Amino acid sequence: MSKNLKKIIYMALFIALSYIGANIKIPSPTGTVAFDSMPGFLAALLLDPLSGAVCAFLGHIFTSLVVGFPLTLPLHILIGIEMAVFAFIFGIIYTKNSYIGDVIAILLNGVAAPASFIPIKGFGKPFFLAMVVPLLVASFANIFLADMVYRGIKKLTGDKNVF
């Protein structure tokens, strides 16, 4: 099997897992906090940061679609782009220092993402305060799970790159 075909198959798997995760919600005011980003963070580690970014973007879009885009489609696309950037950054930093990668990704997704809504009319600090705790919890859970699965796969494969 060619390397490109193998990567496409794995991408399809991670995207499908993102859709499944989109349906596993963590209570939040918007209903868009879920386990959709774990496959994106994992893909950033097992495949490459760009693949993780694509999965993380689609994961957020799936989550928002399931609940009817409560913040409007343009804002959910913006959040999806943020998720893509966060997964990409995570994939790069994690390879240098896994703990710093975890912490930075949690802070980006859990604090920086809701903070980006502070200057948007109609959202401001109340939106940030309402979303920061659910997003921190979800960020920790998604990134912790991605990290543990990655470490488990690496241990099982003897650090060989099977992906």
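Which residues of H1 are buried? Before selecting anything, note that this is a predicted model, with residues numbered from 1 along each chain as its sequence is written. Local features need pLDDT of at least 70, side-chain atom pairs count only at pLDDT 80 or more, totals for chains, interfaces and linings use all residues, and side-chain values use heavy atoms, with hydrogens and water left out.

Start with helix H1, residues 3-22 (helices are DSSP runs of H or I, at least four residues, numbered from the N terminus). Its 20 residues reach 28 Å from first C-alpha to last, close to the 28 Å expected at 1.5 Å a residue; that expected span is 1.5 Å times one less than the number of residues.

Now pick out Met 11, Phe 14, Ser 18, Gly 21 and Ala 22: these are the buried residues of H1 (buried is under 20% relative accessible area, exposed over 50%, partly exposed in between, using a 1.4 Å probe and protein chains only). Look down the H1 axis and they fall within an arc of 95°, so they line one face of the helix. The arc is that of the directions from the helix axis to the C-beta atoms.

On H3 (residues 49-66), select Ser 51. Ser 51 is buried, at a relative accessible area of 5%. Leaving aside residues up to four places away in sequence, Ser 51 touches Lys 7, Met 11 and Ala 43 (contact means heavy atoms within 4.5 Å).

Last stop: Pro 27, in the loop between H1 and H2. This one is exposed, with a relative accessible area of 72%. Select Ala 138 too: it sits 111 residues from Pro 27 along the chain, and their C-alpha atoms are separated by 9.5 Å.

Technical notes. Helix = DSSP H or I, 4+ residues; strand = E, 2+ residues; numbered from the N terminus.
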